[in-house]
Amino acid sequence: MHALKDYLDMVETLGAYPDLHQTFNLVPSLVEQLEDYASGSFVDVYWEHTLKPAVDLSLDERAFVVDRMCEHSDHPRAHSHPRYLELARKREAQAFQGWPACAQAFTVDELRDLQVWFNLAWFDPQALDAEPLAGLVRRGRGFTEEDKDVLAEVQAGILAQTIPAYREAARRGQVELSTSPYFHPILPLLANSDSARVAAPGTLLPPRRFAHAEDAAEQVRSAVAKHERVFGEPPRGMWCSEQAVGEDVIPLLIDAGLAWTISDESVLARSLSGAAARRNALSADRTGCDGTRPAEPAEGASSGTPPDALPPGSPHAPYRLEREQGDIAIVFRDHTLSDLIGFAYQSWDSREAAADLLRRLRELRAARVPLVTIALDGENAWEYYPRDGRDFLQYLYEGLSTDPAIRCVTVSEHLRESPPTRSLDWLHTGSWIGGDLRTWSGDRAHNVAWDLLHQARDAAATRRRPVSGQAGLDDPDRPDPQTAAAWRQILIAEGSDWFWWFGDHHHTELDHVWDLNFRRHLQEVYRSLGEPVPLALFSPILDQAPSGLPALPRGPVSPTIDGLLGRVEEWEAAGFLALDLPSTMRRSEETRVEEVRFGWRGNHLCLLVVPGLSSSLEGLEMELRVAGRGGEEDPAVRMTLEAAGTANVSCIKCEHLAGEIEAAWKDVVEVALPLDACAAASSDQTGLVLRIGRDGMTEHVFHTAGLTSLGWSGR
């Protein structure tokens, strides 16, 4: 979506002003995704819900469309288009009923219009002003299924042009392309999670210290390799994710052959104050017997900086980081100017906002400032600007082009012409947000996530074969595909954005999606390794609503395993399994499950599955695991519901079964597992995980995560 609206538009808008040079940073995992989309070989749940004919949408799919494919009415993408605004307001008026009921309030034509508008509104305004999209915008409503083909064609063209446009801009010298660690991790936290306390001493740390500088190095090294393959030459600079840097990061960048990096001026300020404290401590150690101290060189004296030059600590100059491994340059962004563009100017008149920024730059130039670094996300700000920021950028670029006192250069161009003369002997560990790392560390959910990641990493690392040389995650010669696949999932899960949403200070309606997908990546680690998935990975990291929690049986159950709900008292005392957080994957109406109950009939562990539609049970696939807290899973039972109420049952590691499994289905599914007394009595050390799906695809996961036992009473 951002490619349709921002990525291509940004570099093409700049292309009209050839004398203005800029640095664009492209994260390798983004580049990889853009390649996939441009190739046409991709799976995207939103696009699948777009392409499916509106008349054929199941209830769950209709609910997905109104829940996930409609902006709030006050969002510019909805507010700019009357029909989209009408649909958004209807959604808000009906949302109190829950998404399935809300979806039922939409006609097929309205759902189709919503499918189209969700995609159409994301295109850049210039694309919307041109045919064939302009015709769709003018019509506004009553879209057809064939109109989706128009969206697909224009989308494919934009995606195919995006990476080549950046490659061409770099070739002609107007643009420098820098990179970030491959999957956008917070490098200081990978190298040493304790580093969060450098800026925030009271930070609550994970139970186990995460200290894997080798992972951080691989994220850096693989990013450089990917960049070189795609753009034809290695990057000179690296924008460390969220501008999070520190002493532990410097050697990784130097070893990767990088020439420069960037952070925020708040990091510079803390670096200088920290270095001063270190120097004062050292001076105290060197105090002479008469109490005097050796004279300190004046700030800037060693580099010959004239006295009327920049004040100490100014971010308006590059610095040099000289360490044992070598040296690297660092520039610091002007926090005020960057945030004005990112968060403030969007509410201004575009011409006045550009004029204000130009005024501020001229004032800095009058103060003999040699370098002003403005750095911010290249996509997030513009959707809140009039015309997606195009007017603001054009006014700004015109003013910069006609002002002889200001020259726009790439970072490497400035460093070639004006190498850094100031050194930093200590680099503070922090990011652009407050000069600390609290956005990604310190909250309860953060620490749960770090611990789950650490456990999965241990499992993958013990199976990982040594990789020769400096191969990275994309090395085609990496041995053992299963282990390589597991390791890739670890590197993905190390990304910063998961942890961004696990903090107490960032929330969205889609928190549960981040939570679920993070755990799915870690689940895939164990599946790739052929190892049992720990029960904790089926339990949400973020707090669940009380109604979604599992519950123990209140007493024994007495079902007759016949697939029918007979006497009320059969299951009256049963406990409940919790449904894992909603999936982003499509679920068929035929696979919908209302609830899952469990209980004990003597030594028999009994299970009741209540479907949404009993007529659709045939063909359903289920896997029930009695999962040990230590990660061992025993036993595991797989069932496929066949014709006439029968079930094809197979076992994995069933030595604790004390007899034949009973299973039947008609209106509901009922199962009874006879466990030997030892296994039943050890239920305080176990939990249940039930997977339900069709055709080999899991569509539901129910679990008892959070319960301390299964409630066996010995009866």
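**A buried proline and other details**

Guide: Pro611 is buried, with a relative accessible area of 10%, where buried means under 20% relative accessible area, found with a 1.4 Å probe and counting protein chains only. This is a predicted model, in which local features need pLDDT of at least 70 and side-chain atom pairs count only at pLDDT 80 or more, while totals for chains, interfaces and linings use all residues. Residues are numbered from 1 along each chain as its sequence is written, and side-chain values use heavy atoms, with hydrogens and water left out.

Visitor: Where is Pro611 found?
Guide: Pro611 belongs to strand β11, residues 604-611, and strands here are DSSP runs of E with at least two residues, while helices are runs of H or I with at least four, numbered from the N terminus.

Visitor: And what is Pro611 in contact with, leaving aside its neighbours within four places in sequence?
Guide: Pro611 is in contact with Arg592, Val593, Glu594, Leu617, Asp667 and Val668, contact meaning heavy atoms within 4.5 Å. Val593 is 18 residues apart from Pro611 in sequence, yet their C-alpha atoms are 4.2 Å apart in space.

Visitor: New topic: how many helices and strands does the protein have?
Guide: The protein has 25 helices and 18 strands, and buried residues make up 53% of its 715 residues.

Visitor: Which residues of helix α22 are buried?
Guide: In α22, the buried residues are Thr483, Ala486, Trp487, Gln489, Ile490, Leu491, Ile492 and Ala493. These buried residues pack against α14 (213-231), α21 (444-463), α23 (496-502) and α24 (511-529).

Visitor: What about the loops, say the one between β3 and α15; where does Glu242 come in?
Guide: Glu242 lies in the loop between β3 (237-238) and α15 (250-255), and it has a positive phi of about 55° although it is not a glycine. Gln243 is in the loop between β3 and α15 as well, and its phi, near 55°, is also positive in a residue other than glycine.

Visitor: Are those two buried or exposed?
Guide: Glu242 is buried, with a relative accessible area of 13%, and Gln243 is buried too, with a relative accessible area of 1%.

Visitor: One last thing: which peptide bond is cis?
Guide: The peptide bond from Glu131 to Pro132 is cis, with omega near 10°, and Pro132 lies in the loop between α9 (125-128) and α10 (133-139).

Methods: Buried < 20%, exposed > 50% of the residue type's maximum accessible area, 1.4 Å probe, protein only.
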